[in-house]
Every structure is written in C-alpha cells, then in structure tokens.
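Please examine the arrangement of aromatic side chains in the structure shown below. The paragraphs that follow lead through the ring pairs and then turn to a charged side chain.

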Amino acid sequence: MTLGLDFGSATFRSLRYEGELKARRCRAVYTLLNDTPSQRRLLAQSGVSFHHCGEQLVILGDAALDWSRLMRSPFVPLLPLGKLPNSDPLSKQILVSIVDAVVPVSKTANETCCLTVPSGGRINGLTDEAEVNYFTQLLRLRGYRPIVMGQSHAFALAELSKEGYSGVTIVFGASTSEVSVIHSGRELARCVIGRGGDWIDAQLASEAEDYFFDHKGGQWLNTVPMQQKKEATPLATDSATVSQNDFSGRVYRLTREMVEYVLLEAASQFSLLPAVKRLPQPAVLTYGGGSASASGFIGLMERAVAQADWPIKLRLVRSGELSAYTIARGALIHAELEPAIANSAA
C-alpha cells in the first residue's frame, strides 16, 4: 500500500489505493471542554469521540466547530500561521491524534508515503528541518518510508498530465501559497510565499476587531466566523462595481491583494533562477487550493496574471480541478512512481 498525504495547515487529507481509492480527512482544529461527568455523558449520548487531557476533554476536527458553538468554547487552530507551536505540548499531543485518524498503520514495513508538510516546511523562506523531521518521524512510527514534496509539485502531477507534466502551478493554501515551475514532472524551481486564505481571514477579523481567548489565556483573532462568511461570499466579476465599504468589497480587495502579492513575489524569485529558463515556453499556468475555490476567483486571477510582469511566457491560465484531494492525489501518484524514478536515477 502506498499513501499520498496532504498535511495542510487547515486540514489533513490522505489517499490510498486498495483496489479502489480510499480517502480520509480531518480538520487541524480542536476545542476544549471541562472534564466533568455531565460533559462526558453529553458527548457519549451524541456519539462524539473525545480525548482526555488533564482536567479537560479535547474534541477534534469538524466536531470541534459544532461543539465550540454549542458550549461557547474557543475554536483553536492546531497550526496557527501554518507552524506547530513548539512550546505547546498539548498541540503536539493533538497532532498525533489527528495523524492517527487520517493515516492507517502500514501493512508491511517501509511502505512509501509521499507527503506535503504545512507551510512547505519553510520559515522565513528557509527549510525548517526540525519541523519537517517531526512530521516524517510521525510517519515512520506508523511504518512508512516518508518522501517529502511541495504542494505545488504534487498539484502539478495531478493536473498537468495533458501538458506532459510541464508548466507553472500555484496552490493558494491556508497559511501560505506555493508556486512551482515543472518540466516533465521534475521541479525546476519552487517558492513558498507567506500569504494565503488565513491572511484574508485575519485581515477581516482585525478590521472588525473580533478576538477570542484560548485555554492558556492567549488572545487570537476570531477568524473562523470570518472564514465561513468569506466562503459564502462570491467574488465580484467586475471590479469596477465593487464597493470597498461592504463585506463583499473587503473580501474582493483582500483576495486581489493576496493574489497580486503571490504573483509579484514568485516573479521576483523566478527571475533570478536560471533553471526556470529550461521550461518550454509559452507555458500553461494552472492553479488551485482552498482560496481559489471561491466563486468568481477565475476572473480575478485572469486579470491579475494579465497585469503581472512574469519572467515566463504563458499561453493559458486555467483553474485546476476543484477537489479537496487534488494534492493528496498528486502525492499518491509520486509515491506510486517513486520506485521507477529511483531506478531511472540509478
């Protein structure tokens, strides 16, 4: 059994093939309730699974959102800004539980698991080896041989088959956005940019001065309601008609700023890399990710790319498949092909 695993900042997803494709997912969030007999009875009667942590009960994933509303308890992201809080043992304990939920134990030793890591495993543009090692060690403990790849590379393997696995891919994620230049399935260049859907949500919450406090008394922007309201708000098809004063206008403005920033940063970095010139041009640019699924995003993206000064000539800009498992599928493809890739390299 091979496994494709997408460790997103907001949601963990896995995909494997056992005669048919099998998928698992769990949101990387939790809420805490006081550990009392009445709380346990209520959760048991509702069929909600929970974990014990000292004097508190931990509810994970989608159920956390429902129970945080019901009990008015904080809804806490496991990976704020796409990074695991090293000083918070509770977060690491919860992370292990979520990994157990989405990653089946391997059936034989050293089965291949190709995975992406939150924020591309980067901090300040550099690889965070300690965090990458932490995630890969979790996979080794479940019997896998882990191979790390970027989200935008996995996205290319899932989306660029008609183009011979060559082109430019952008994944607009939660905490970061990733951009890759791919030629014949191999990554020529990649950049990880610290701006994604979470940045939009944070700006919306900040403008509204909406905050909450976690179990340690820390103050956080209350981004979840903003995220839900944003996802229900279609982006305008004509920027000239957008009002900057209402919520939809703010969502459009911030989404446009995010896209323009990602394109500008990627163009700046790629213009300095000679390897990018090996990509046959004009090329296809395809994009995806949670932030790109908004209604009206296609028009906004096309306008932004047309105005960008790109070092790569493009012949087509298109959206990838709007599937939650696209990146996990690309990782699974890489895991399946990895033995052949290793043999050809040898």
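**Aromatic pairs and a charge over rings**

Six aromatic pairs are present in this structure, which is a predicted model. One of them is formed by F7 and F12, whose rings lie 4.7 Å apart, centre to centre, with 70° between their planes. This arrangement is edge-to-face, because planes over 60 degrees apart fall into that class. Both partners can be assigned by their accessibility. F7 has a relative accessibility of 0% and therefore counts as buried. F12 likewise has a relative accessible area of 0%, so F12 is buried, given that the cut-off for a buried residue is under 20%.

Another pair, F270 with W310, is also edge-to-face, with 6.4 Å between the ring centres and 65° between the planes. This pair links distant parts of the chain, as its members are 40 residues apart. F270 belongs to helix α8, which covers residues 247-270, while W310 is located in the loop between α9 (297-307) and β18 (314-319). Both F270 and W310 are buried.

The discussion now returns to the first pair. F7 and F12 are members of one aromatic cluster, which they form with Y134 and F135.

Which rings have R195 over them? One is the ring of W199: R195 lies over its face, at 4.2 Å from the ring centre. Another is the ring of Y261, where the charged end of R195 sits 3.9 Å from the centre.

Notes. Residues are numbered from 1 along each chain as its sequence is written. This is a predicted model: local features need pLDDT of at least 70, side-chain atom pairs count only at pLDDT 80 or more; totals for chains, interfaces and linings use all residues. Side-chain values use heavy atoms; hydrogens and water are left out. Rings of Phe, Tyr and Trp (its six-membered ring) pair if their centres lie within 6.5 Å; planes under 30 degrees apart count as stacked, over 60 as edge-to-face and the rest as tilted. Buried means under 20% relative accessible area, exposed over 50%, partly exposed in between (1.4 Å probe, protein chains only). Helices (H or I, at least four residues) and strands (E, at least two) are DSSP runs, numbered from the N terminus. A charge sits over a ring if NZ of Lys or CZ of Arg is within 6 Å of the ring centre and within 35 degrees of the ring normal.
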